[in-house]
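Please look over the sequence and the model before reading on.

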Amino acid sequence: MSPYLGEPRDLYHGRALCVLKPRTAREVGDILSLCNESGAPVAPQGGNTGLVGGQTPDASGASVVLSLERLNQIRAVDADADAMTVEAGVTLAQAQDAAQAADRFFPLSLASEGSCTIGGNLATNAGGVHVIAYGSMRDLALGVEVALADGRLLSTLGALRKDNTGYDLTRLFIGSEGTLGVITAATLKLFPRPRSRAVAFLGLRDPAQALKLLNFVKGRAGPTLNAFEVASRSGLALVLRHIPGTRDPLAQPHDWYALVELAAFADGEAERAGAEILAAALDADLAQDATLAQSLDQAGALWKLRESMSEAQKREGGSIKHDVAVPVSEIPHFIEEAGRRLREAFPQARPIPFGHMGDGNIHYNVSQPVGADKAEFLARWAEINAIVHGVVRELGGSISAEHGIGRLKRDLLRETKDPAALDAMRAIKAALDPNGILNPGVLL
Ligand code: ZN
């Protein structure tokens with residue numbers, strides 16, 4: 001059972017009665033029905049890539065781990081309706097491939113796409129690098145099939161674009177982290193497949209310049225802007241140090257970087273627009289230096305720098321993580337202020353901010369001081385959290401932009417969420433899971 005009892009960050013280790021691997025939605029319902037009668041807690045699990053401990057059973061040893069990995073069928077692809085229905089255990093990469101085989105595009109994209117699953121993506125309302133263009137998982141599903149605590153299957157599946165018949169149950173289950181029901185399948189939106197792509201990597205002075213650049217590119221690229229990611233030099237330096245085969249794409253080091261991707265539908269259109277926008281941005285002093293990928297390989301190498309950020313930090317030792325959102329306009333202020341307060345309290349700690357600037361979502365990670373003891377550093381988790389989240393709160397931000405709440409941020413949620421909203425969430429939970437068997441200890 002051990003692969004199902006730990007998680008990628010090694011923060012949570014659970015125990016379980018057993019791991020069950022049903023093959024059909026009906027079997028999932030039957031399992032929930034039995035657990036509901038016997039009072040056994042259920043910990044639903046997809047690809048086990050979550051970053052907040054939402055997929056790990058608690059330490060009681062009384063839980064049933066419910067793995068959805070064998071529900072792995074693509075049920076239907078309807079290219080004319082721009083929709084496909086897939087089961088929860090289909091990996092994100094498999095879903096992307098199924099869309100492509102029908103000459104369509106499924107835009108959700110994350111570093112873990114080879115192993116994370118659609119069920120987990122839905123349960124956590126995953127975001128990733130194309131939210132700026134397509135939204136997060138809540139925006140990408142037309143319907144879901146859910147096994148309820150009492151064993152019944154509830155379905156909003158189907159390719160309907162308009163269905164104004166009451167509460168939005170689809171969106172209620174998405175992001176509920178397995179606490180209201182177990183998602184067994186979903187109908188996902190498909191999009192036209194981009195036929196040209198341009199990826200640029202730019203060296204910047206500071207986050208204020210990144211904000212100006214973002215607005216400049218938005219104004220010129222419009223809906224072809226597909227990703228706008230930023231990272232500090234501290235993050236890129238760790239990637240270059242720890243990830244084999246990476247190299248600095250620019251001649252000189254810069255304090256900040258942006259990775260910008262455009263995608264368009266006519267051959268060569270994104271490349272043409274990308275070259276023009278880049279030249280204009282350099283002219284307008286919105287970047288210090290820039291390079292535009294000239295091949296798919298080069299584009300892949302630039303993306304690898306961004307996607308290796310977490311792995312590189314892991315190899316550097318202990319890292320205290322924050323997945324926060326503030327209004328896009330406040331990003332420079334947030335990064336400056338969080339850095340200032342951290343330096344005051346922990347002069348040796350190393351902030352490594354990076355992430356989805358276009359969505360106002362920064363992964364504000366703090367790496368341990370060079371040579372420090374990892375466990376000793378990680379013991380300061382709550383103190384460092386309090387500093388970073390304090391700034392987030394002052395700016396009207398969120399303590400979880402895309403990773404969810406899980407076990408990691410449950411107590412923080414209680415302190416930060418609007419009390420009436422929390423009461424409404426608890427009322428919904430009690431109505432759909434009266435015996436409290438669904439992922440107890442997670443989210444609420
Ligand atoms: Zn992210």
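## Basis of the report

The structure is a predicted model. Every value given here was computed from that model.

His356 counts as buried because its relative accessibility is 3%, under the 20% limit. Glu402, at 13% relative accessibility, counts as buried as well.

## The second largest pocket

The second largest pocket holds about 820 Å³ of space. Its lining is made up of 30 residues, and those nearest the centre of the pocket are His130, Arg197, Glu261, Leu296 and Trp303. By class, the lining has 13 nonpolar, eight polar and nine charged residues.

Several elements contribute to this lining. Helix H2 (92-101), strand E6 (104-105), strand E11 (196-204) and helix H10 (296-307) supply at least two residues each, and H10 gives the largest share, with five residues.

## Enclosed cavities

Rolling a probe the size of a water molecule over the atoms shows where empty space is left. In this model, two cavities of 30 Å³ or more are counted. The largest cavity has a volume of about 90 Å³. It is lined by 13 residues, of which Ala200, Val260, Gly274, Ile277 and Leu278 are the closest to its centre. At least two lining residues come from each of E11, helix H7 (207-221), strand E13 (256-264) and helix H9 (269-283). The lining of the largest cavity comprises 12 nonpolar residues and one polar residue, with no charged residues.

The second largest cavity has a volume of about 60 Å³. Among the residues that line the second largest cavity are Phe201, Glu229, Tyr257, Leu305, Arg306 and Met309. Strand E12 (225-232), E13 and H10 each provide at least two residues of this lining. Here the classes are nine nonpolar, no polar and two charged residues.

E11 contributes to the second largest pocket and to the largest cavity. H10 contributes to the second largest pocket and to the second largest cavity.

Is strand E9 (residues 182-189) mostly covered or mostly uncovered? The strand is mostly covered, with seven of its eight residues buried.

E9 pairs with two strands described here. Strand E5 (residues 83-87) runs antiparallel to E9 and is joined to it by five bridges; in this pairing Val86 stands opposite Ala186 of E9. Strand E7 (residues 141-147) also pairs with E9 in the antiparallel sense, over six bridges, and Ala147 stands opposite Val182 of E9. In a regular strand the side chains alternate between the two faces of the sheet.

How values were computed
Residues numbered from 1 in each chain as written. Predicted model: local features only at pLDDT ≥ 70, side-chain atom pairs only at ≥ 80, totals over all residues. Heavy atoms only, no water. Buried < 20%, exposed > 50% of the residue type's maximum accessible area, 1.4 Å probe, protein only. 1 Å grid on protein atoms, 1.4 Å probe; cavity = no way out; pocket = protein on both sides within 12 Å on 5 of 7 lines; lining within 4 Å. Points joined across faces, edges and corners; volume = space filled by probe spheres on them. Helix = DSSP H or I, 4+ residues; strand = E, 2+ residues; numbered from the N terminus. Nonpolar A, V, L, I, M, F, W, Y, C, P; charged D, E, K, R; others polar. Pairing = 2+ DSSP bridges.
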